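Open the model in your viewer and keep the selection panel at hand. The stops below go from a sheet to a helix pair and then to a chain contact.

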Amino acid sequence: MSAGSRNSALVVEDLKVHFGGGSSLFGPKPTVHAVDGVSFSVPAGKTFGIVGESGSGKTTTALAIMRLVHITAGRVALGDTPIGELEGEDLRAARRQFQIVFQDPYSSLDPRKRAGEIVREPLDLMQIGTRAEREAKVAELFEQVGLRPEQRVLFPHQFSGGQRQRLGLARALSTEPDLIVCDEPVSALDVAIQAQILNLMARLQRELGLTYLFISHDLGVVQHICDEIAVMYLGQIVEQADRVTLFNNPQHPYTKALLAAVPTVHGNKRDRRNRTRLKGDPPSPVNLPTGCRFASRCPIAEVRCSKVAPPLEDRGDGHKVSCLLV
Amino acid sequence: MAELNSPDDLPAVKATHPAREMAVMFFRNYNAVFGLILLIAILLFTFVGPYIHTVDPFEMVWAPFARPGEEGFLFGTDYLGRDILSAMMAGGRVSMAIGLAAALISLIIGVTVGAFAGYYGGWIEELLMRFTEFFQVLPTLLFSMVIVALFGASLLTVTLAIGVVSWTAVARVTRSEFLRIREMEYVAAARSGSAKDGYLIFRVILPNALPPIIVQANLMVGSAILFEAALSFLGLSDPNVMSWGQVIGSNREYILDAGYAVAIPGFAIFLTVLAISLIGDGLNDALNPKLRQR
């Protein structure tokens, strides 16, 4: 499928999400720079992955695109819809086009509602179709995600983790969205169930032409499902490339360290000895370092790295790297 | 590779409502069941009893201070020669009605204040919680006495006075539950399904916040009955309406001559509050999934 067959591509430009700030009685409150200038675009029908460690801002990016946290600055657009700027009723109406699958299949389903009701909820709230049509749509969705329609009457606690994530997918699909944001959709599941859910997601993408924004910390999962991948560190993208390039020819030292940390069953001893090991924790997102944010943990950092912030530059074929030294 | 997407085969699709499981838990708790049986017995006594024992509680039927069992008066007669058994039946109805109504009033005020404070946060929360604290620091008995003294002692003012001084606990419980639940992913999911604030508050968060609120409300019925008794004992209740507290209050001067006239309604209040507390504990255990695993 060609990239332009549907024109609802996701465009994110210089997205910033800062928490806190302002001033209180006791002086200025600290500002947490959770997402600090992130730009990328996802062609329709493709899967864009964001990887990074805890606190890198990947989930906040997802929530900002879903308009579930306040956007401090920047532009988010889905096709012709400027979803970053909509408010009130306009935003509620536009939500039909973008839906989310959450990480935790246990806390993302309302324990007091029946499965059918949970999947139908967005349709009810947006008043899409008649009651009978909605009910039929829910039955169809259950089949589509591999559940039996008669399971609609069950409550969430009667489903297994994998089945619950299928329910989450069915709910996200109910409004027939263009974009589905997947916030670590399989990281709470067993490995065998992960494969089931990933295959289901891939099949749904083929059948429905969905665009995925896939957030994960699991490089294996990202390699399996994503077309293009961005690596985030402390609120910024440090490297971005298509799947093959990123895994075969990583440039940024942080990406190299991440890839080296993936456990393997057939690595030899030499590889293990040469692997880049990172020490310490990322700096605080409150007091950001000047210069490169990775400099404090970088194995190849020079003096100038902590003075000059490296731009995210295109090194050819859309392979973008933010590093002064490579 | 074949796609593994067949659902695990369940033997039968049978929906078990969470409330049903809680009911099962409740009835396994012997203390709670004892409390429930006790409460049903008290309700039967006060609501069905008057149809069997048809003596007007205000009518002087015998000489004052007949001992319990004397002359066919099961609980004896009071200082005006009125039948205490009838007074117990009539008074129980009023006591329980006041308890229930006062708990309902404090539930409505408390849930509203707590829900809005917990959901919106920010200055709305600040304002509402400072308002709540204002009511919390007032001495409750004194404050309700002032209300009754100002507006006159009637069933309505007594009920309102009890409700108005006891809603703060509900507000705090509701707020804390809202603070916890509003961060849940299913709330974010409903929001991304374009839910409005009203839907999120009343259809998503409140149903999930109910268990501790139910427990609190239940215990409040008990404390409202005690409160009413305290007000009646101090003479701040409608003299034309019989209640357990009223029976104690009117006989208190004769406590040395006719202790039973004070002890019997006192014991009835004790039993009722005990039954309600046992039910409350049972509800708490049944509704709290963390305790349920024990």
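In which sense do strand S1 and S6 of chain A pair, and over how many bridges? Select S1(A), residues 10-20, with S6(A): the two pair in the antiparallel sense over five bridges. Strands are DSSP runs of E of at least two residues and helices runs of H or I of at least four, numbered from the N terminus; two strands pair if DSSP finds at least two bridges between them.

This is a predicted model, in which local features need pLDDT of at least 70 and side-chain atom pairs count only at pLDDT 80 or more, while totals for chains, interfaces and linings use all residues. Residues are numbered from 1 along each chain as its sequence is written, and chains are lettered from A and ligands numbered from 1 in the order in which they are written.

Pick Glu13(A) next; its bridge partner in S6(A) is Arg75(A).

Move to chain B and select helix H4 (84-120) and helix H7 (155-166), whose axes lie 8 Å apart. Among the residues that meet there are Ile98(B) and Ala101(B) in H4(B), and Val158(B) and Leu160(B) in H7(B).

Finally, show both chains: 26 residues of chain B are in contact with 35 of chain A (C-beta atoms, placed from the backbone, within 7 Å). H9(B) gives the most to this side of chain B, with seven residues.

Definitions and conventions: Contact = placed C-beta atoms within 7 Å. Axes fitted to C-alpha atoms, helices over the stretch in contact; angles between N-to-C directions.
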